[in-house]
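Me: I'd like to learn how to read side-chain surroundings in a structure. Can you walk me through it?

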Amino acid sequence: MRRRLPLVFALFLLLTVQACSDGSDKDGFSPVPEQSLMAGAASRSLLPTVAGGRDYLRDAPGWPAREELDALNPGVFVLNWDQGRVDVGNGRSDSAWVHDDIRATALALSLGEQRAIIVMADTYSYFAPDIAVMRERMRGGLPAEWQSAPILVSATHNHHGPDTAFSINDDWFSMMADEMAIAVQDAVAAMQPATLSAGTGEHGYGVDDVRDPVIRNTQLNVLSVDAQATGQPIATLVQWTSHPESTLGWSPPAEAAGLDAACAAKGWTGGDCTAEGRYLTADYPGVLRERITESRGGEVLYFNGPMGSQIGPGASPTWLVTDEHPVGDGLSVPDGAQPLTECTDRPTYYCRDFSKTESIGTELANAVTGILAGAAPVAVTELSVHTEAFYTRLTNIGFRLLIADGDIGWQVPMLHLCSEKPFSDDNCVSDNGELVDDPLLTAFFDSQIRRGDVLQTQISHVDFGDVGMLFMPGELPPELVVGLPDDFTTAPPEKYYREPHLHAVGADYQIPGHLLSLVDESLTLAVGLGGDQTGYFVPLSDYRLRCLDLVLPGGGSCADLAARGVIDDPEFIRGATCQAITDDASALTDFGADADAVAAICRYGQALGRELGEPDGHYEETNAAGWDMVEDLWAAAQRLLSDQ
C-alpha cells in the first residue's frame, strides 16, 4: 500500500493557508465551499426485547473500568425473549445472558448531490440477499432525494451476537432490520456541515495469524468525521483486523452465572447446563465503542479488515498493560508483566474471560486516540460509490445443501447456472430455486441440493478523494489485501510458516495480486464482510480438499489413489486439479479409469471435510464458497478500480 499521507496532507494544509491569506473572512476562516461535506450519525440497540423493551440492560455489567470489571460475570440472565429462542452466532442455541449492548451504527454522508450511507453492526455477518431486503427497509423512511443513495452494510463478525447466518430467528432478524432502518433515518435527520480527518498506525496487541503463511497485518486506520461548526466528533471510523471472539470456548463459572437456577428455569440438564456460548456481547468492538464514546463523544463504527485465515485473539497473549509493561509488538510479553487472570485450561497469558476482551478493546481505543492526536485533515473532493458484481462457482456443495434446506440466511439466496467461463449476465441464468437429488448427499443427509452452482456477489469502493473504503465480500487473508512481504519467496520457510509441510511454501504460494495495489489513494479502509459473506478466501495454490473412501466408486481407497500418483496425498487432492477438471471436461479423461473417483473427491471434498475432518491445516476450505473466489475477486477488483 502506498504511504503518501504526510505529503498529501501537507499540500492540503498549504493550499488552505494560501486560501485564507487570499480570501478568508475577518475571523481567519475560509468560507464554506459551495459543496461542503455533510454528515450525520446515529445508532440503535439490536438486542432482542423483553416486554417490548430492553430495560434489562440496566442490570447488564457492560464495560466499566478494568478495576471495576467482574471478568467472570456473563451478564444479566434473561429467561425468555419476546421474539422466542435467539441462538448465538458461532455459539450455542438459546441465548440467556446479556453482558453488554449490541448495536448498529449508521453514518450518512453527502457532498452536493452525491450521497452515501454506511451501516455497521455488532453481529456475525450478512448475506447479500438479506442486505438487499434490509436496504429496502432503510429506504422506506428516507426522503426522496436519498432513495438512490448507495447503502453499504457490514458486520464486525462478532461471534457472540444473535445468529445472523445459520440458525436465524426470523422475528428477531426483522426487528433488527427495523432498528437499523431507524438508525439510518436518524443519521440523515442529524446531517450537518462536517470535516474529515485521517490517520494510520500499527497496533498488534490481541491479534495473531494462526494459518500458514503467517502474515501479520497490524495496520490500524482511523477516520474522524467532525462537526464543522464546533469541531465535536460526529463519528469515528476504525478499521483494524481481528476476529471478535476473545471469549470463544470459555465457560463462565457456575457461581458467577447463577447456573443452577438458570438451568432449572430453562430446563437444561447434563452437558447442556452451561453458560458457554449463551451470552450476548459485542466483544472488543463494544469496549472500543465505550471507551471512544467516553473520551471524545460521537458515534463509533468499527470495521474488521482482512481477517481470513483465522486472524484473531486466540493465539495472542494479553497482560496488564502499564507504562512498565507496554503493548509493544503485541506478541512478546514484557518481563514481569502481570497476567490478567488465572486459568487451568490454557497458558497463563492466554486465559479467556472478559478481562481479555476488556484489555484488547481498551488498548485498541488507546491506540486510536493516539492516532487521532496526529490525524490530518482530508480534502473531500468526491463522494462516490462504485460496485462491481461478479459471478463465481459455488464449489462447496455443502452450501448448496444448506441453501436447499433453508439453513443459510434470512432470505433465500439466488443461485445460477452458467454455460461457460468467464461467467457473465450473458451466459448465466437463475436456477429459480430448483432442487435436485444428489447421489451421495441425498442418501447421507436425506436432503436435496440447489441445482445452481454459481453465486453472484460484489466488491465496492467508496471514494472520498485521496481516502477511500473497500468493501470486500467475505474473509480474506491479509496477503490478498496488503500483499506478501518482500522476502517471502527467499526467506527460510520457518519465518512465515509454523507447519510448512502442510502448505504451499515460498514461490509455490501464488496469489494474483493484492487489492491495495489497485487503489490510487493514500489511505484505504479495507472492510471484510462488506456487503456479503462468501466465507474464506484461499488461494488456489494452497487449496486442498479432503479425500474420503466413502465417496469413491467401486470400493476404491484414497491410499491406493495416492500410491499410484492419481492424487497428491491419501488425505487430499489439490484445488488446482479440481479447477482444471471442472473448467475443462476433457481434462478429466486424462485420469482414465480413475476419472469418476477424482470427480467425486472434488465434488464432496469441501462439504464432507467439514463434517468428517479436513486435511491438516486446511479448515478454511470447508467454509469457503469455492476455489475460484480469489481469482474472480481479483478480476472484479481490476475492473472496478481500473477507471478510478
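This is a predicted model: local features need pLDDT of at least 70, side-chain atom pairs count only at pLDDT 80 or more; totals for chains, interfaces and linings use all residues.

Me: Okay, is L69 buried or exposed?

Reply: L69 has a relative accessible area of 15%, so it counts as buried. You'll find L69 in the loop between β1 (37-45) and β2 (76-77); strands are DSSP runs of E with at least two residues, helices are runs of H or I with at least four, and numbering starts at the N terminus.

Me: And which residues is L69 in contact with?

Reply: Contact means heavy atoms within 4.5 Å. Leaving aside neighbours within four places in sequence, L69 touches G62, W63, P64, F354, S355 and E358. Take S355: it is 286 residues from L69 in sequence, yet their C-alpha atoms are 7.5 Å apart.

Me: How many aromatic pairs are there in the whole structure?

Reply: Rings of Phe, Tyr and Trp (its six-membered ring) pair if their centres lie within 6.5 Å; planes under 30 degrees apart are stacked, over 60 edge-to-face, and the rest tilted. The search of the whole structure turns up 19 pairs. One of them is F77 with W97, edge-to-face at 5.4 Å centre to centre and 65° between the planes. That pair links distant parts of the chain, with F77 in strand β2 and W97 in strand β3 (residues 97-98), 20 residues apart. F77 is partly exposed at 29%, while W97 is buried at 0%.

Me: Why is the pair of Y126 and F173 edge-to-face?

Reply: Their planes are at 90°, with ring centres 6.1 Å apart, so the pair is edge-to-face. Y126 is in the loop between β5 (114-121) and α2 (128-140), and F173 is 47 residues away in helix α3 (residues 170-189). Y126 is buried at 1%, and F173 is buried at 0%.

Me: Which residues form one aromatic cluster?

Reply: That's W63, W250, Y279 and F354. Remember that L69's contacts include W63 and F354.

Me: Where does the charged end of R278 sit?

Reply: A charge sits over a ring if NZ of Lys or CZ of Arg is within 6 Å of the ring centre and within 35 degrees of the ring normal. R278 has its charged end over the ring of W268, 3.8 Å from the centre. R115 lies over the face of W146, 5.6 Å from the ring centre.

Methods. Residues are numbered from 1 along each chain as its sequence is written. Side-chain values use heavy atoms; hydrogens and water are left out. Buried means under 20% relative accessible area, exposed over 50%, partly exposed in between (1.4 Å probe, protein chains only).
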